[in-house]
Amino acid sequence: MPYRLSASLALHSSDVRALASPTDDLILSASRDATAILWKKPNPSAPFEQERTFKPGSGYVNAVTIVPPTSDAPKGYAVTAGQDMIINVYRLDSPQEEPEYSLIGHEHNVCALHTASDGTIISGSWDSTAKVWKGFKLAYDLRGHAQSILAVVAINGEEFLTGSADKTIKLWKKHKAVRTFTEHKDAVRGLALVTDIGFASCSNDRQIHVWTLEGDLVYSLSGHTSFIYGLSILPNGDIVSCGEDRSVRVWRDGECIQTITHPAVSVWAVSSLPNGDIVSGCSDHVVRVFSVEEGRWLPEADLKVYDEQVANQALPSQQIGDVKKSDLPGLEALKVSGGAIGRKPGETKMVKNGDAVEAHQWDSASNQWVKIGTVVDAVGSTRKQLYQGKEWDYVFDVDVHEGAPPLKLPYNASENPWTAAQRFLQANELPMTYLDEVVRFIEKNTTGVSLGADGGQYNDPYTGMGASRYQPAGGNAPSQNTGADPFTGGSRYQPSLPQSGPTQSGYSDPLTGANRYQPTPSPGFRPAPSSPVSSTPASGKVIPHTSPITFKQCNIPAMRTKLTELNSEIQREISTSTLALHPDEVALFTQMFDYLAAVNGGRKGSGQIVPNENHIEALIHVLDRWPAIHRFPLIDLARLIVAFAPQSLHANAGLGDRFMDALLRASDWDEHWTPPMTKAKERNILLLLRTVANALQENAKLGNITWALKVPIFAEPPPNELLTSPQRIVCSTLLLNFSCLALSSSPEPALRSLVFGLTLRGIANQPNDAEAVYRTLVALGNLLYAAKQLNAPLPAEEVAQARSTLEGV
């Protein structure tokens with residue numbers, strides 16, 4: 001009997017990336033929607049139902065596994081991991097939302113998990129390491145691969161297999177690599193143990209290899225037409241594979257016996273149940289179960305609907321193979337004659353049907369050709385590209401200098417082009433004046449591309465956060481994210497200094513050769529009084545805008561790791577060893593990180609110590625003594641403490657002032673305001689300004705944040721031309737946030753006049769920075785609105801100055 005659809009589980013809102021199915025009545029799925037779902041059958045004859053949803057963090061969940069039951073946990077544990085770099089372990093017999101354990105140590109996206117029968121967990125990461133965990137504690141670090149580890153298998157508690165983007169597989173005994181397998185020609189994506197033989201591996205090279213653990217290649221399986229992402233072994237020994245050719249394939253005795261085509265771009269994950277059913281996870285957000293048992297099939301009407309979904313898919317021509325339309329046969333080529341029977345399962349044929357080109361696939365179970373979609377011209381290749389061990393929708397060759405070799409520009413269709421462009425320029429040490437042109441190049445070459453049902457909504461592939469530009473959404477708007485996570489980009493921590501909107505400067509186009517390019521400013525920031533909010537103000541109403549913009553995005557594990565690394569570096573040098581953290585400071589910093597990790601994960605009140613005066617004092621002392629080049633994680637930590645524990649600065653009247661003084665000293669505010677600004681100062685001042693912006697958050701009282709108003713931009717700001725565009729945007733955000741607070745509590749007249757003057761200056765002096773100007777204009781509108789509503793009219797000279805400024809813009 002062939003495999004046919006048994007269940008469709010459709011509760012995820014984004015790609016399903018990983019699966020685990022240890023029993024006939026249990027499936028655990030992981031998704032890019034930042035959740036993992038536990039599906040369970042109440043009884044053997046009932047359908048699968050959602051039993052529990054795990055929400056470990058804000059990033060994609062890319063890997064799951066199940067730890068077998070123990071005496072302490074009679075139902076076992078569900079384990080999740082992903083972009084947050086934390087491996088979370090949940091008891092299945094407990095309804096609590098918090099993980100029982102959080103395993104911290106990886107420095108990048110965790111993309112693979114597996115569990116041995118004794119409960120040993122192995123994890124693989126983009127940081128090129130695998131880690132072995134026993135009793136939920138780190139036992140071994142497996143280091144030796146040159147690129148990301150994309151697949152892992154625990155053979156037992158002491159032997160492990162890892163597959164990598166460096167095209168190799170390694171066999172480990174404890175922490176020692178004892179054998180390397182090198183037959184694959186591209187990244188290794190999946191591993192599975194094969195009883196009585198050894199293991200199977202799959203790769204982007206479209207090949208499945210079956211190996212002995214001694215290193216012998218037993219046989220290879222060919223048939224997939226694109227990257228192969230996952231493997232599983234059925235109870236009868238058949239191999240199941242899945243990939244980006246939309247298929248799950250079943251292999252027996254070296255031959256493909258069935259191809260199960262899916263109505264999705266990618267089949268990311270495959271698993272098998274002990275009863276022989278197959279589970280798949282796809283880019284269309286659906287978990288599906290297929291069975292050979294007719295009694296478990298869906299009703300015939302539902303099966304027909306599924307077949308129609310498959311047949312109605314649009315297939316890019318690259319996925320099938322480029323051919324001339326005029327060379328294709330008509331529908332008569334699908335007529336089954338004696339010679340047609342015996343074709344290979346999964347074989348694809350393209351035929352003309354009128355003006356359309358259809359793809360049909362041979363179904364050996366029914367001995368007929370089955371339509372799997374209509375072939376269309378593609379905007380770009382649907383296959384994922386690997387670059388430096390990571391997965392991308394595009395990897396462009398970009399010619400920047402005549403005669404020089406092209407540079408590689410990786411890009412995901414779900415990214416904000418500004419983020420990708422800035423990453424490219426920084427990686428290649430190119431000037432930021434190229435930013436607009438690189439964005440234009442990306443947009444031109446990816447026009448019309450969207451992923452699945454995401455509708456083109458941007459999700460950062462590294463942090464899982466929303467759009468990199470501020471998108472207000474009522475009171476709980478996502479925080480301003482001006483660029484990718486600074487802790488995960490490149491080999492060292494470097495807070496990004498992005499453009500939040502295009503600039504108006506003209507220059508020669510280094511990519512297209514155009515003499516001059518004058519981009520139209522894109523405002524990006526569009527406050528509106530209700531949610532959901534698009535880039536156009538609801539009903540045209542903008543003023544008053546009541547929600548301040550805050551900078552709360554964070555990656556706590558990476559921040560903690562970087563601070564520890566820098567402290568060790570300071571400690572190793574004889575000249576700086578006395579500046580390293582003292583033991584009591586280490587304890588206080590640990591408490592701050594623990595608290596921030598909890599609140600950032602939505603676990604506030606779960607037992608962590610809330611930062612207080614002692615923590616602020618420790619932060620001040622370390623800011624004052626660490627070298628300038630090492631201070632950026634400290635200032636970034638201050639940014640988050642102000643955002644998530646503002647009450648810690650209210651302990652005594654002078655604490656906030658001393659905190660601000662320490663931040664100003666740490667950022668060298670009063671020194672060297674001559675261009676070009678050093679990278680350290682540029683970075684530290686940006687983080688300082690973000691810290692102050694976080695102090696001016698919703699529900700803050702001006703009387704409690706007088707320390708924040710000591711930042712010099714509220715007195716005598718540096719010349720506008722000395723600030724970078726991101727710094728100017730944060731400065732305008734400070735004015736906007738102040739104006740939001742002024743709507744509910746009228747500031748002192750002198751302070752209001754000062755801010756009003758700064759607002760007019762910002763409008764007049766930043767005509768080419770659309771994002772900064774827009775925020776400043778909203779700030780001005782708020783101040784004028786507040787003056788009217790609170791019956792505190794502005795002096796006539798200020799009103800006249802405002803009119804004059806606006807007329808001149």
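## Ser125 and its surroundings

A contact here means heavy atoms within 4.5 Å. Leaving aside neighbours within four places in sequence, Ser125 has contacts with His106, His108, Asn109, Val110, Cys111, Ser148 and Ile149. This is a predicted model, where local features need pLDDT of at least 70 and side-chain atom pairs count only at pLDDT 80 or more, while totals for chains, interfaces and linings use all residues. Residues are numbered from 1 along each chain as its sequence is written, and side-chain values use heavy atoms, with hydrogens and water left out.

Ser125 sits in strand 11 (residues 121–125); helices (H or I, at least four residues) and strands (E, at least two) are DSSP runs, numbered from the N terminus. Ser125 counts as buried because its relative accessibility is 0%. For the record, buried means under 20% relative accessible area, exposed over 50%, and partly exposed in between, with a 1.4 Å probe and protein chains only. The Ser125 side chain also reaches the backbone oxygen of Asn109 at 3.0 Å.

In the model, residues 142–173 are 0% helix and 59% strand, with the end C-alpha atoms 10 Å apart. For residues 221–251 the figures are 0% helix and 58% strand, and there the end C-alpha atoms lie 8 Å apart.

## Loops and a strand end

Two aspartates have positive phi. Asp196 has a phi near 65° and lies in the loop between strand 18 (188–194) and strand 19 (198–203). With a relative accessible area of 80%, Asp196 is exposed. Asp253, not a glycine either, has a phi of about 55°, and belongs to the loop between strand 24 (247–252) and strand 25 (255–261). Asp253 counts as exposed too, at 76% relative accessibility.

Val398 is another story: this residue of strand 35 (residues 394–398) is buried at 1% relative accessibility. Ten residues along the chain from Val398 is Lys408, and their C-alpha atoms are 6.3 Å apart.

## Cores and cysteines

A nonpolar core is a set of buried Ala, Val, Leu, Ile, Met, Phe, Trp, Tyr and Cys residues joined through side-chain atoms within 4.5 Å. The largest one has 86 residues, and those with the most contacts inside it are Phe589, Leu637, Phe659, Leu689, Trp707 and Phe714. Helix 8 (residues 632–644) gives the most to this core, ten residues. Beyond four places in sequence, Phe589 touches Leu563, Leu581, Ala618, Leu619, Val622, Leu634 and Leu637. A second, separate core of 23 residues includes Leu5, Tyr229, Cys242 and Ile278.

There are zero disulfides in the structure, a disulfide being a pair of cysteine sulfur atoms within 2.5 Å. For Cys242, the nearest cysteine sulfur is that of Cys202, 7.2 Å away. Cys242 is buried at 0% relative accessible area, and Cys256 is buried at 10%.

## Confidence

The predictor's confidence in each residue is pLDDT, from 0 to 100. For the protein chain the mean is 79, and 79% of residues reach 70 or more. Residues 338–342 stay under 50, and the model gives this stretch four contacts beyond four places in sequence. Residues 448–540 are also below 50, with 242 contacts in the model beyond near neighbours in sequence.

Notes:
Polar contact = N/O pair within 3.5 Å; in protein donor to acceptor, adjacent residues only side chain to side chain.
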